[in-house]
Amino acid sequence: AFPLVMVIMVLSSGASEDMAAMGAGLSWLMAQAPAGDLLLVFAGIIGFAGMMNPAAATAVSREGGRFPFNRTLPVSGRTQLRAKLLMGETVGLLGTLIMAVALGALLRPNPWVLVGAFALAQLPTLATSAISLALDAAHPRLHFANETQAIKQNVNVMFSMLIGLLALALPAAAIALRGASPALRLGAALAVCLLEAAMTLPAMT
């Protein structure tokens, strides 16, 4: 829902001045920046939208009183966690898709840049979902009145957001390599994102 809220904010009159300034800044960037740097900027925006969901960070906590029962199911805990990770990543994928469509509709960038940014954004999003799920599995918050409370009053959600910001900040640092060529900056960011995604392999196998 978060990316959809952001799109509504862009279209709302109350935030028109700020959004116009942001749009002007992105338009200038599209005109001046190399395609590789623009791809990284869009990937950061799209990835941020995908990470701002609490699905994986509260997947175990939301079981609440069902948690002891689920441990008796004839399905291994690893398989259950893998299913929860898939669910969390699916929600994140929908979030990134909504943001990518919004960027394409509002700014009309090069389609290949947008597609590349969308693909690149999935790597840190996957890493964030996996780490957030592992954190919630290790420290679930099982006592709550309803699932809304399990999300809004769960400190794991805050940690998940911090993890997501760090996962974005590391590849974004490649833009600061001013002496490097755009291709090298893009390659460095891609390498960091692949390394982050590789951290999820134990959870996926």
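**Entry 1: how two helices meet**

I began with a crossing: H3 passes H8 in a right-handed sense. A reminder to myself that this is a predicted model. Next I looked up the geometry of the pair. H3 covers residues 35–51 and H8 covers residues 155–172. Their axes lie 10 Å apart, and the packing angle is about 165°. That angle makes H3 roughly antiparallel to H8, because over 145 degrees counts as roughly antiparallel.

Which residues make the contact? On the H3 side I noted Gly 44, Gly 47, Phe 48 and Met 51. H8 answers with Gly 164, Leu 165, Ala 167 and Leu 168. Sorted by class, this contact of H3 with H8 has five nonpolar residues, three polar ones and no charged ones.

**Entry 2: the largest nonpolar core**

I then turned to the largest nonpolar core, which has 21 residues. Which of them touch the most other members? I wrote down Phe 42, Ile 46, Leu 103, Ala 117 and Leu 120. The elements giving two or more residues to this core are H3, H5 (77–107), H6 (111–138) and H9 (182–198). Here H3 turns up again, and it gives the most, with seven residues.

**Entry 3: a closer look at Ala 117**

I picked Ala 117 and set aside its neighbours within four places in sequence. What is Ala 117 in contact with then? My list reads Leu 39, Phe 42, Ala 43 and Ile 46. Of these, Phe 42 and Ile 46 were already in my notes, as they are among the residues that touch the most other core members.

**Entry 4: another core**

Last, I found another core of six residues lying apart from the largest one. Its members include Ala 59, Val 60, Leu 85 and Leu 133.

Technical notes
Residues are numbered from 1 along each chain as its sequence is written. This is a predicted model: local features need pLDDT of at least 70, side-chain atom pairs count only at pLDDT 80 or more; totals for chains, interfaces and linings use all residues. Side-chain values use heavy atoms; hydrogens and water are left out. Axes are lines fitted to C-alpha atoms, for helices over the stretch in contact, and angles run from 0 to 180 degrees between N-to-C directions. Helices (H or I, at least four residues) and strands (E, at least two) are DSSP runs, numbered from the N terminus. Angles under 35 degrees count as roughly parallel, over 145 as roughly antiparallel, 65 to 115 as roughly perpendicular and the rest as oblique. A crossing is left-handed if the near helix is turned anticlockwise from the far one by less than a right angle, and right-handed if clockwise. Contact means heavy atoms within 4.5 Å. Ala, Val, Leu, Ile, Met, Phe, Trp, Tyr, Cys and Pro count as nonpolar, Asp, Glu, Lys and Arg as charged, and the others, Gly among them, as polar. A nonpolar core is a set of buried Ala, Val, Leu, Ile, Met, Phe, Trp, Tyr and Cys residues joined through side-chain atoms within 4.5 Å. Buried means under 20% relative accessible area, exposed over 50%, partly exposed in between (1.4 Å probe, protein chains only).
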